[in-house]
Amino acid sequence: MRKFAQLLSAMVYQNIAVIIAAGIIREVFGVYGWLYNDRILLLVNPIYSTLLPVLIGYTGGKILGGQRGGVVASISTYGLTLASSTPAILGAMIVGPFTGWLVGKVDQTVKRKMPVAGYELLVGNVFAAFIAVILTIISFLYVGQTFSAGVKWALSYLEIVIHAGWLPLTSILIEPAKVLFFNNFINYGVLGPIGIQQAKELGKSIFFLLEANPGPGLGVLLAYWLKTKAEQKKGAKLAIFIHFFGGIHEVYFPYVLLKPLLIIPLILGGMAGVVTFQQFNVGLVSMASPGSIFLFVGLGPKQDMLFIVLGLFISALVSFLGSMLILKKHSLSPTAAENRNNINYFYFFQKNDNPKSDDKYTAVESEEELNVQANRSVLNKIKNIVFVCEAGLGSSAMGAAMLKKKLEKENLVIEVDNSSLREVPDSADLIICNKKLYTEVRKVAPGKACYPLQSFTDIKEYEELIDKLRGL
């Protein structure tokens, strides 16, 4: 399920610049825009109807089938767009990966079964062309119309849900799923495509506001900032700025995971925001990604901006008050067990020779199970550090930038980069991830050293890491 969610979200977030560009055109020159221009506005529909689905299909095909899979997937998706009366984004998210997977399987078979060496490229291209012809015709004659009918049916029921006042209940699913790091899947894989379809018809969509609203997370962080002291207070303050202005919502997830009851004020804050947005019939013209206050308000029609800010403020206030009540009843001082869990180790994934074990690799805590000399030997070899998060965009990019600055101050020459969970480079000597993703990193990067962090905004954890890198 997580791999499928990563695939869906990757297809959209890798093309997010196109979505935002179309949104800006609509924001400035659209019906609700500042400088209405019907001629420039003609650019938007082809972007949503043809360009974006083809790019999404290509991305999905390339992920599963390489460059050739991406090219064939783009042709198949193009056939889909010609027959679809609605933006074929959801269809592209299925046709693209399926085509790439099929081309990948054919390529593997050709390489394995080819009796004469040197003809693999020729035979592979011929087979890929046949796949392209067949799937393009099928998409054009059958799949496009089927998806159009399905999208129209789904949107009609969503309209009923919106007008019936049930939409705020979506926060019961959205807010907990975000904290469990399914935020990219929800935004890019579900709400984004639905919102694009609605924006094409209405010029704006409330679905763009549901996951991207920074209000609930802001309320939790403000409560933490008021209730904590010293280093924790500094970390919470930094998280507030990164979350609200930078739009990297992942920074508040660890705070909620430390006190799971905070899910309740998050849900209530999300619901309060949705009620406000519904009451004033507001929406955004495009996806706000990242969910920064600048994009969240800036992509709203000019007459909606004030009410969008109002909804954000109300959701933050409800979440803040609920969080303060919970934090008053529960101490923020870590217990001995929590202190033990917060200690960071380098984990080395070593091959497991036990035939009865389901795991191919086992984790070894270097500081406890390896001798000091071996530990220092490994540390001295670390020349490339990679921060990893689900999408490889927000929190990992932020963490990489923070560590890079600290390493420069300490005159440590180590390359620092970031990547998605699906694309961890082989060159990584050390992987840094959130503790929640440790198990996934263990699966995708066996044999690599890993340093899990409780929070990417905790300065103290970076200082401890640098001490370890020095071999102290």
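Mentor: Start with a pair in this predicted model: aspartate 107 and arginine 68 form a salt bridge, with 2.7 Å between the closest N and O atoms. Aspartate 107 belongs to helix H5 (residues 89-113) and arginine 68 to helix H4 (residues 44-83), so the pair links distant parts of the chain, 39 residues apart.

Trainee: Is aspartate 107 buried or exposed?

Mentor: The cut-off for buried is under 20% relative accessible area. Aspartate 107 has 15%, so it counts as buried. Arginine 68 has 21% and is therefore partly exposed.

Trainee: How many salt bridges are there by this rule?

Mentor: The count is 2. Aspartate 304 and lysine 204 also meet through their side chains in a salt bridge, at 2.9 Å from N to O. Aspartate 304 sits in the loop between helix H13 (293-298) and helix H14 (305-329), and lysine 204 in the loop between H7 and H8, so the pair ties together parts 100 residues apart in sequence. Both aspartate 304 and lysine 204 are buried.

Trainee: Where is serine 205 found?

Mentor: Serine 205 is in the loop between helix H7 (171-202) and helix H8 (207-210). Its relative accessibility is 1%, so serine 205 counts as buried.

Trainee: With which side chain does the side chain of serine 205 make a polar contact?

Mentor: The partner is the side chain of glutamine 198, at 2.5 Å. Leaving out residues up to four places away in sequence, serine 205 touches Gly195, Gln198, Ala199, Gly283 and Leu284.

Technical notes:
Residues are numbered from 1 along each chain as its sequence is written. This is a predicted model: local features need pLDDT of at least 70, side-chain atom pairs count only at pLDDT 80 or more; totals for chains, interfaces and linings use all residues. Side-chain values use heavy atoms; hydrogens and water are left out. Helices (H or I, at least four residues) and strands (E, at least two) are DSSP runs, numbered from the N terminus. Buried means under 20% relative accessible area, exposed over 50%, partly exposed in between (1.4 Å probe, protein chains only). A polar contact is a pair of N or O atoms within 3.5 Å; within protein, one must be able to donate a hydrogen and the other to accept it, and residues adjacent in sequence count only if both atoms are side-chain atoms. Contact means heavy atoms within 4.5 Å. A salt bridge is a side-chain nitrogen of Lys or Arg within 4 Å of a carboxyl oxygen of Asp or Glu.
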